[in-house]
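Trainee: Could you show me how to read the features of a protein model, step by step?
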Amino acid sequence: CNGLSANSTIETCNSCNCLDDGWIDRHRHDYPDKPMMFTENEGWFQPWGEAVAIRTTSDVAYSVAEWFAGGGSYHSYYMWHGGNNYGR
């Protein structure tokens, strides 16, 4: 995802909000000829032992709207809901 693996890879954003954390500006500066791709719009992330993080649907929707308004070309929805296999 970081674009450093090979010359043909594209750096992608993995965040809750790629505009607010400065990713869009950095990407435009460092890779002006590459598309902006938002591959992991993290609905939640809970490090082991920490409090449960809850993200509202309006916050997720707003981050997607900001992404496309900021010139984003791709957004993946697969990270909107996490899960686990505990107890299986």
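Mentor: Gladly; we will go through confidence, a disulfide and the strands.

Trainee: What is the mean pLDDT of the chain?

Mentor: pLDDT is the predictor's confidence in each residue, from 0 to 100. Here the chain has a mean pLDDT of 79, with 76% of its residues at 70 or more. This is a predicted model, where local features need pLDDT of at least 70, side-chain atom pairs count only at pLDDT 80 or more, and totals for chains, interfaces and linings use all residues. Residues are numbered from 1 along each chain as its sequence is written, and side-chain values use heavy atoms, leaving out hydrogens and water.

Trainee: Which cysteines form a disulfide?

Mentor: A disulfide is a covalent bond between the sulfur atoms of two cysteines; the rule is a pair of cysteine sulfur atoms within 2.5 Å. Here Cys13 and Cys18 form one, with sulfur atoms 1.8 Å apart. Their link is left-handed, at -100° about the S-S bond.

Trainee: Are Cys13 and Cys18 buried or exposed?

Mentor: Both Cys13 and Cys18 are buried (under 20% relative accessible area, with a 1.4 Å probe and protein chains only).

Trainee: In which sense do S1 and S2 pair?

Mentor: Strands are DSSP runs of E, at least two residues, and helices are runs of H or I, at least four, numbered from the N terminus. Two strands pair if DSSP finds at least two bridges between them. S1 and S2 (residues 37–41) pair in the parallel sense over four bridges. Thr12 has Met37 as its bridge partner in S2, and Met37 in turn has Tyr74 as its partner in S3.

Methods. Buried < 20%, exposed > 50% of the residue type's maximum accessible area, 1.4 Å probe, protein only.
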